[in-house]
Amino acid sequence: MNDFAIEKSWQVLQTHGAEMASLHMRDLFAKDPDRAQKFWREGAGLALDFSKNRILPETMTHLLALAKAAGLEQKRAALFAGEKINTTEDRAVLHMALRDHREGLYKVDGKDVMPLVLAERAKMKSFCADIHSGKRLGASGKKLTTIVNIGIGGSDLGPAMVCEALKPYWLQGQRVFFVSNVDGADLAGVLQQIDPETTLFLIASKTFTTQETMTNAQSARQWFLAQGRSKADIARHFVALSTNSQAVSEFGIDGDNMFQFWDWVGGRYSLWSAIGLSIALTVGYDNFEKLLMGAHEMDRHFQQAPMEDNLPILLALIAIWNRNILGMSAHAVLPYDQGLHRFPAFLQQAEMESNGKSVKLDGTNVTGETCPVIFGEPGTNGQHAFYQMLHQGTDIISADFIAPARSHYEMGDHHAKLLANFLAQPQALMQGKSLAEVKAEMKRAGASDGDIETIAPHRVFPGNRPSNAIIFEKLTPQSLGALIALYEHKIFTQGVIWQINSFDQWGVELGKQMAGAILPELSVSGEAKPKVSKHDASTNRLLNHLNDMRQSGA
């Protein structure tokens, strides 16, 4: 990494960005009939069209120069080599090993991790086979057909998103629920729908101390016992996804029902590990393996494809351009497949927890912007919610449009209409509609001159709003795996260029510490509490007023 070269690359991009400010994408398309072909790449079963961005070929040349100056190729090699690139926690980052099968390639402290990975994967496969065949039954002899995953963050968002996306692959008679929020309504709503005799609880917590997860787990345990089950039955109905064997044993879970992962697996990158047991139990272990295969294919693409043809790198560089040079503070993820309705929420954590940082690896403050706000909804729902702002708002927001060519549910022309919207929305964002075009359109429709002058400005679309399109044949375990890995490597690439650590999350700690201090001061079950005055005036007033309301029953 060359600091001078990095600074020079940023300067070149800033100058180039100023030159691009007056250009409109509709003119860029009109001037270059090959534009769509120039900005189209394929890899791991996915196709990326990034032509609807305010870029020229020289833009990409400058961005690639920045990536090289930032040492992306060396950092990528260090990632796959198991070097401890998570410097603040002194950890390697090797979630790629979880979806590989080759031994000798992934080492931590000089030791090959693949024997551990393959052994745990074999244990998961055997466990799934026993559950699905009925060899392993509940305490009353009934088949375990309902899965309740209790976790939070990466132990919830990833598996929940994947299970929703792969609903066409659910095994017949299988059900899965996810509980994450410490709000009792979350767990209570699930408990009302399940039978304790046919339910298997998965408690997903690396340390088995996560407050929200363990609170829900203890309440689930109490509910289970209250249904007439014994403590001995817990061993047949509760599974731990953890590394804390002592705490797991104290909870009452049989050691054979504990699945582990390792400190080189970050929470938001853990769905490929034992944390994905809920996925394997719901869609079958073979489909879980196909999910891993798709991600592995993208890993190989990220490792081997030239930078100028590398999908994760290109997606990251376009994001850098839109965020840092063109000043866009938000990015929308817009999947045109209902199965991906949880994908934007998954990416909120994956990207904002990874790259929502303001301190560089060397401890100094970053000098520009890092992660934008990530949000989204599936199309066409989002079109009737926030697309108004995308098209005509004062903030320009970049977007990723994602769609499969074919649906699992080919009902009449439903998918054709969905795809028509998938194609039309980014086209409209790019082209826009000028005042002259609006006036001419209204004139042809017979509007009066007065109405034209009054209404026309409201119908103007400025256009020139950037988007990427990602397409694939069908939403399958393999294509989903590749899509998730695409974004994982995009996030890593952005972090390298911003010179931040994408793999820690210290920002979640302070609020948790303060909540721990406040908890004993809150009234539980209506008991009286003394007035609190040790916090700031606002927190004191809120806390005391809440206690008054809880004690009075108001």
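**Reading the cavities**

Guide: Welcome! The lining of the largest cavity divides into 8 nonpolar residues, 2 polar and 2 charged (nonpolar: Ala, Val, Leu, Ile, Met, Phe, Trp, Tyr, Cys and Pro; charged: Asp, Glu, Lys and Arg; polar: the others, Gly among them). This is a predicted model, where local features need pLDDT of at least 70 and side-chain atom pairs pLDDT 80 or more, while totals for chains, interfaces and linings use all residues. Residues are numbered from 1 along each chain as its sequence is written, and side-chain values use heavy atoms, without hydrogens and water.

Visitor: How many cavities of 30 Å³ or more are there?

Guide: Rolling a probe the size of a water molecule over the atoms shows where empty space is left. A cavity is a set of points, on a 1 Å grid over the protein atoms alone, where a 1.4 Å probe fits but cannot get out; lining residues have an atom within 4 Å of a point. Here the count comes to 3. The largest holds about 80 Å³ (the space filled by probe spheres set on points joined across faces, edges and corners).

Visitor: Which helix gives the largest share of its lining?

Guide: Helix 6, with 4 residues. Helix 6 (114-133) and helix 13 (285-304) each supply at least two (helices are DSSP runs of H or I, at least four residues; strands are E runs of at least two; both are numbered from the N terminus). Trp262, Trp272 and Phe288 are among the lining residues.

Visitor: What is the volume of the second largest cavity?

Guide: About 60 Å³. Its lining has 4 nonpolar, 4 polar and 3 charged residues, including Arg323, Glu351 and Lys490. Helix 14 (311-325), strand 10 (330-335) and helix 20 (477-498) each supply at least two, and helix 14 gives the largest share, 3 residues.

Notes:
On a 1 Å grid over the protein atoms alone, a cavity is a set of points where a 1.4 Å probe fits but cannot get out, and a pocket is an open set with protein on both sides within 12 Å along at least five of seven lines; lining residues have an atom within 4 Å of a point.
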